[in-house]
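Here are my notes on this model, point by point. Please read them with the structure open.

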Amino acid sequence: KKAAEEYRGGVIHVDIRLSQKASQVEPTFFVHSTGMKFFETINAEIRSQRAKDPFQAGLNTGAWLQRKRELQDEFPVKVPFFPTETV
C-alpha cells in the first residue's frame, strides 16, 4: 500500500474470477485474466521496453528480486502433496 501511495508500485491482483476482486486486500490494479496470460503479456511488454531502451528498462529489478527472495523465505507457500489415485 505504501508503494502505491508513493507512486512506485502497489498490489496487482490477477484472477480469472471477478468475484475474488479485493476479497482479501484492496488491489491497486485488478486484472481479470489467467495468471499465465498475464505473465505472457507483461513479459512481452518488458521485452519490448528493453528493446527500445536497454539502459533504462528494468534497472530497479535487483532490489525487488532480493526483497522477493526475503519474502519467500519469510512466508513460504507450502504446496501439499497428493498421491495420484486410480479411479
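1. Along the sequence, the protein has the pattern α-β-β-α-α. That comes to three helices and two strands. Helices (H or I, at least four residues) and strands (E, at least two) are DSSP runs, numbered from the N terminus.

2. This is a predicted model, in which local features need pLDDT of at least 70, side-chain atom pairs count only at pLDDT 80 or more, and totals for chains, interfaces and linings use all residues. Residues are numbered from 1 along each chain as its sequence is written, and side-chain values use heavy atoms, with hydrogens and water left out.

3. Some totals. Of the 87 residues in the protein, 8% are buried. Buried means under 20% relative accessible area, exposed means over 50%, and partly exposed lies in between (1.4 Å probe, protein chains only). The accessible surface of the protein is about 8100 Å², and 58% of this belongs to carbon and sulfur atoms. Accessible areas come from the Shrake-Rupley method with a 1.4 Å probe; for residues, only the protein chains shown count as cover. Among contacts in the protein with a separation of 6 or more, 8% link residues 24 or more positions apart. A contact means heavy atoms within 4.5 Å.

4. The strands. E1 and E2 (residues 29–32) run parallel and are joined by four bridges. Two strands pair if DSSP finds at least two bridges between them. His-13 stands opposite Phe-30 in E2.

5. Which residues of E1 are on its covered face, and which on its uncovered one? His-13 and Asp-15 are on the covered face, Ile-12 and Val-14 on the uncovered one. In a regular strand the side chains alternate between the two faces of the sheet.

6. His-13 lies in strand E1. His-13 counts as buried because its relative accessible area is 18%. Leaving aside neighbours within four places in sequence, His-13 contacts Gln-20, Lys-21, Ala-22, Pro-27, Phe-29, Phe-30 and Val-31. The side chain of His-13 also makes a polar contact with the side chain of Asp-15, at 3.5 Å. A polar contact is a pair of N or O atoms within 3.5 Å; within protein, one must be able to donate a hydrogen and the other to accept it, and residues adjacent in sequence count only if both atoms are side-chain atoms.

7. Asp-15 is also found in strand E1. Is Asp-15 buried or exposed? Asp-15 is buried, because its relative accessible area is 10%. Beyond neighbours within four places in sequence, Asp-15 is in contact with Gln-20, Phe-30, Val-31, His-32 and Ser-33.

8. Val-14 lies in strand E1 (residues 12–15). At a relative accessible area of 25%, Val-14 is partly exposed. Not counting residues up to four places away in sequence, Val-14 touches Val-31, Ser-33, Thr-34, Gly-35 and Phe-38. Val-14 and Phe-38 are 24 residues apart in sequence, and their C-alpha atoms are 7.4 Å apart in space.

9. How many salt bridges does the structure hold? There are two. A salt bridge is a side-chain nitrogen of Lys or Arg within 4 Å of a carboxyl oxygen of Asp or Glu. Asp-15 forms one with Arg-17, with the closest N and O atoms 3.0 Å apart. Arg-17 is partly exposed, with a relative accessible area of 47%, whereas Asp-15 is buried at 10%.

10. Arg-67 forms a salt bridge with Glu-70, with the closest N and O atoms 3.6 Å apart. Both residues lie in helix H3 (residues 61–74), three residues apart, about one turn of the helix. Arg-67 is partly exposed at 39% relative accessibility. Glu-70 is partly exposed too, at 35%.

11. A surface patch. Phe-39, Ile-42 and Ile-46 form a nonpolar patch, with about 260 Å² of accessible area together. Patches are made of residues with over 30% relative accessible area and no salt bridge: like charges are joined within 9 Å, nonpolar side chains (Val, Leu, Ile, Met, Phe, Trp, Tyr) within 5 Å. Phe-39 is found in helix H2 (residues 35–52).
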